[in-house]
Structures are given as C-alpha cells and as structure tokens.
Amino acid sequence: MSTDYWWQQALPVPDMAFAEAAGQRQLQLTKPPGSLGQLEQLAAQLAACQRRRDPQLQRVRICVFAGDHGVVEEGVSAFPQSVTASMLANFAAGGAAISVLADQWGAELRLVNLGLVGGPCGLPGVEDLQLMPGTDNFAEQPAMPLEVCLAALQAGREQAQAAAAAGCQLLIGGEMGIGNTSSACALASALLQLPVAELVGPGTGLQGAALAHKAAVIERALALHGPALQGPLDALQRLGGLEIAALAGAFLGAAEQRMAVLVDGYITTAAALCAVRLNPQCRPWLLFSHRSAEPGHVALLQALQAQPLLDLGMRLGEGSGAAVALPILRSACALHNRMATFAEAGVAGPDA
Ligand SMILES: O=C(O)c1ccc[n+]([C@@H]2O[C@H](COP(=O)([O-])O)[C@@H](O)[C@H]2O)c1
Ligand SMILES: Cc1cc2nc[nH]c2cc1C
C-alpha cells in the first residue's frame, strides 16, 4: 500500500513570463547587453519566482536547524558532540558567524533544535522541538524512526510557511550538527550511486588515518542499509540527520509557498538533493550560493546542475556561505529595478 505524502503534490512553477520580461528590460538598461553576467539571470529568476517585475529581497529569513548525530560515537568528527548544543547557544547569543552575518545584512535569524543528546536546550530564541535525543548511529541501525523523519520534514515545511506568512522573499537554510558531514556523505553516495572515496572529506578537520576511518564507517553503514535504501525517504530516515530532513522539508515547503531558497554548502546541498528527489518540481526554486571546500560538494552540485555564485574555500555551514552571497542577490535586484534605460537616460543604445 502506498502512502501519499504532502510533498508529492504538484508544486508551483516560477512564472517564466516574468523572467522573459526581465530579460527584455535588461537589454534596455544603460550597459552593454549581457555585461552584468549572472546578475542578469539572477534578477530574472527572482522576478519569475516572485511574479513581479521588480524582485525584492528586503525580507530574508535564515533558518538554522540543529541536531545531534549518533554516528559521532564512531569517531568521525574532529570536534566533540557537545559543540552542537553550545554553538546553538552561541548563535542565540550573537557570537557565531551566522549571527554576525544575519545582523550585518538585516536578515531574520530563526534557530530550531530538532534533537540534541542533552535534551531541549531551553534557550530563549531557540525553538525546541527535540524530536529525539539526537539520531541513532546510522552505522549500526536506521538514524531515526520513520515518524521522526516525517516530523522533521514537517518542521522544516512549517518554518517555510511561517517565513512566507511573514512576507519573506527569500529563505536561507542553515545547519549545525557535529557529525553531519558523515550523514551528508552517506546520503550523497546512496542517492548519486558514487563511491564514498569520491565524496568523503575532512568536515571540521579530519585528516589522514582519521579521515580514512570516517570513510570506512560510512561504507560500513551503506553496506548495512544497502538493500533497504529504495528511495530518498528511506535514505533520509536511515542515513540522514534530523536537521537535514528539516532542511529538505523547508526547501520543499518554500517551493510550495512560491518562495525562492538560497542554498548554503555541503550539508544543505545534500538536503537539497533529498528534496529534489522527493519532488523534482522544487528544483527551480533553488539558488546556490557557494562551493564548499568539502570535496564531495562538487558532485552534489553537478547532480543538481547548480552553478554556485562563490568559491571562497568556506566550509563552515550555519547558512554562512549563503549569507555572504546575499548582497550579490540584492545587487542583482537593485540594478535590475533601479538602473535607467537607454531611453530614460538619453544614451545611445547598441548599433542595430
Ligand atoms: O556546509 C559545509 O560545506 C560544511 C562543511 C564542513 C563542515 N561543516 C559544519 O561542520 C559540522 C560538521 O562537520 P563534522 O566534521 O562534525 O562532520 C556541521 O556543524 C557543519 O555545519 C559545514
Ligand atoms: C566551532 C564550530 C562551529 C560550527 N558551525 C558550524 N559547524 C561548526 C562546527 C564547529 C566545530
């Protein structure tokens, strides 16, 4: 018996008539045609998503989803598990990279705890969903029960709904979870059918034998779950993180709400791949901010036919790469909306 899930409904499509009109306007602006490069396509894509001639990015919401990972007991991270919870406190206190960037660019920051080993964090400014006390070790058993995976997807969807209801024009998804590059790598390997060796990377800083051990743990997990990994929902439930499932739900939910998404780095792109596999119609709503230094990110971006805007060697997560790319999107909109046309400025246009 098959079950119908919310993300299986038809999703809206961006209105390409607005993209076409935006392309026509770009030809009339006082610059050689095409000279703003990718900024021109960005403005057109946002115009199509927002169904308006003058795309706006005043209200941007960054949702950072946090969760702990049982696989950390295998020794797959350079940092202790306690850092997930303490960084969440740092986000709330304003001292983390994403806190600074959200403040710098006037973006709203929402913090969501999906499940920490130490229980609810009880911090003001954090939504404490605490679906389970961190995932189970996916090298030994499924990361989470199906109901928990569904609840995490729904939690992400509800964040997108809340952002849309508040009038936000763009959603940035961020994550915090010690051990989650192992989860992202396992998901990428399962969904792309690529060897772990091509996708595994240092995460927070593993090198040498420790990195080889991380690869072996992920391979062991994939061998354990192999036959049961039938599709993206199985993969999320068995290999995923709570925050990765929530991100996938947020991306699908954003598409449902006709809201564009700016995807961050390695882990968020793995979540984006899960979302696109759950419903390919969410793909046109996704923009990609940067290429992470995590080596497996390239394969994920290629699979999604994504061209990220920046390549700064960042590998932080939190939504930080997307927050750094936000002013580029804002410049694309400002130029599109406010530059004079050749006719308005009395400047001679291109020779026919
Ligand atoms: O977003 C990325 O590209 C990225 C690449 C490497 C590490 N991270 C962050 O580092 C943490 C996971 O690293 P690890 O080594 O504990 O698996 C997690 O909190 C992520 O936000 C993030
Ligand atoms: C300090 C620290 C900050 C982070 N932010 C996202 N992932 C992180 C991992 C660590 C270790």
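Welcome to this structure, and let us start with one residue in it: Ala-248 touches Leu-153, Gly-156, Leu-236, Ala-271, Cys-274, Ala-275 and Leu-278, leaving out residues up to four places away in sequence. The model is a predicted one. Ala-248 also belongs to the largest nonpolar core, which has 119 residues.

**The nonpolar core**

- Ala-152, Leu-171, Ala-248, Phe-251, Ala-270 and Cys-274 are the core residues that touch the most other members.
- Helix H10, residues 242–256, contributes the largest share of this core, with 11 residues.
- As background, nonpolar side chains in soluble globular proteins tend to be buried together.

**Around ligand 1**

- Ligand 1 is surrounded by 23 residues, and the closest are Ser-77, Gly-203, Gly-265, Ser-292 and Gly-317.
- At least two residues of this shell come from each of strand E4 (170–176), helix H6 (180–192) and helix H11 (266–278).
- With three residues, H6 gives the most to the shell around ligand 1.
- Sorted by class, the shell around ligand 1 holds seven nonpolar, 11 polar and five charged residues.

**Around ligand 2**

- The residues surrounding ligand 2 are Phe-79, Val-83, Met-87, Met-176, Thr-204, Leu-316, Gly-317 and Glu-318.
- Five residues of the shell around ligand 2 are nonpolar, two are polar and one is charged.

**Helices H2 and H13**

- Two packed helices are described by the angle between their axes and the distance between the axes.
- Helix H2 (residues 38–50) packs with helix H13 (residues 320–338) at an angle of about 85 degrees, and their axes are 8 Å apart.
- That angle makes H2 roughly perpendicular to H13.
- On the H2 side the contact is formed by Leu-39, Leu-42, Ala-43 and Leu-46, which meet Leu-329, Ser-331, Ala-332, Cys-333, Leu-335 and His-336 in H13.
- The residues of this contact divide into eight nonpolar, two polar and no charged.
- Leu-42, a residue of helix H2, counts as buried because it has 24 C-beta neighbours inside 10 Å.
- Leaving out residues up to four places away in sequence, Leu-42 touches Leu-329 and Ala-332.

**Loop residues with a positive phi**

- Most residues other than glycine have a negative phi.
- Glu-318 has a positive phi, near 70 degrees, and sits in the loop between helix H12 (297–303) and H13.
- Gln-130 is partly exposed, with 18 other C-beta atoms within 10 Å.

- Thr-269 has its place in helix H11 and counts as buried, with 30 C-beta neighbours inside 10 Å.
- Not counting residues up to four places away in sequence, Thr-269 touches Val-263, His-297, Leu-300 and Leu-301.
- Thr-269 and Ala-184 lie 85 residues apart in sequence, while their C-alpha atoms are 8.6 Å apart in space.
- Cys-282 is in the loop between H11 and strand E6 (286–288), and Cys-282 is buried, with 23 other C-beta atoms within 10 Å.
- Apart from neighbours within four places in sequence, Cys-282 is in contact with Leu-11, Phe-251, Leu-252, Ala-255, Ala-275 and Val-276.
- Between the C-alpha atoms of Cys-282 and Ala-10 there are 9.5 Å, although the two residues are 272 residues apart along the chain.
- Leu-309 is found in the loop between H12 and H13 and counts as buried, with 20 C-beta neighbours inside 10 Å.
- Setting aside neighbours within four places in sequence, Leu-309 is in contact with Gln-38, Ser-289, His-290, Ala-325 and Ile-328.

Terms used
Residues numbered from 1 in each chain as written. Chains lettered and ligands numbered in written order. Predicted model: local features only at pLDDT ≥ 70, side-chain atom pairs only at ≥ 80, totals over all residues. Core = buried A, V, L, I, M, F, W, Y, C linked by C-beta atoms within 7 Å. Buried ≥ 20, exposed ≤ 12 C-beta atoms within 10 Å, placed from the backbone. Helix = DSSP H or I, 4+ residues; strand = E, 2+ residues; numbered from the N terminus. Contact = placed C-beta atoms within 7 Å. Near = placed C-beta within 6 Å. Nonpolar A, V, L, I, M, F, W, Y, C, P; charged D, E, K, R; others polar. Axes fitted to C-alpha atoms, helices over the stretch in contact; angles between N-to-C directions. Parallel < 35°, antiparallel > 145°, perpendicular 65-115°, else oblique.
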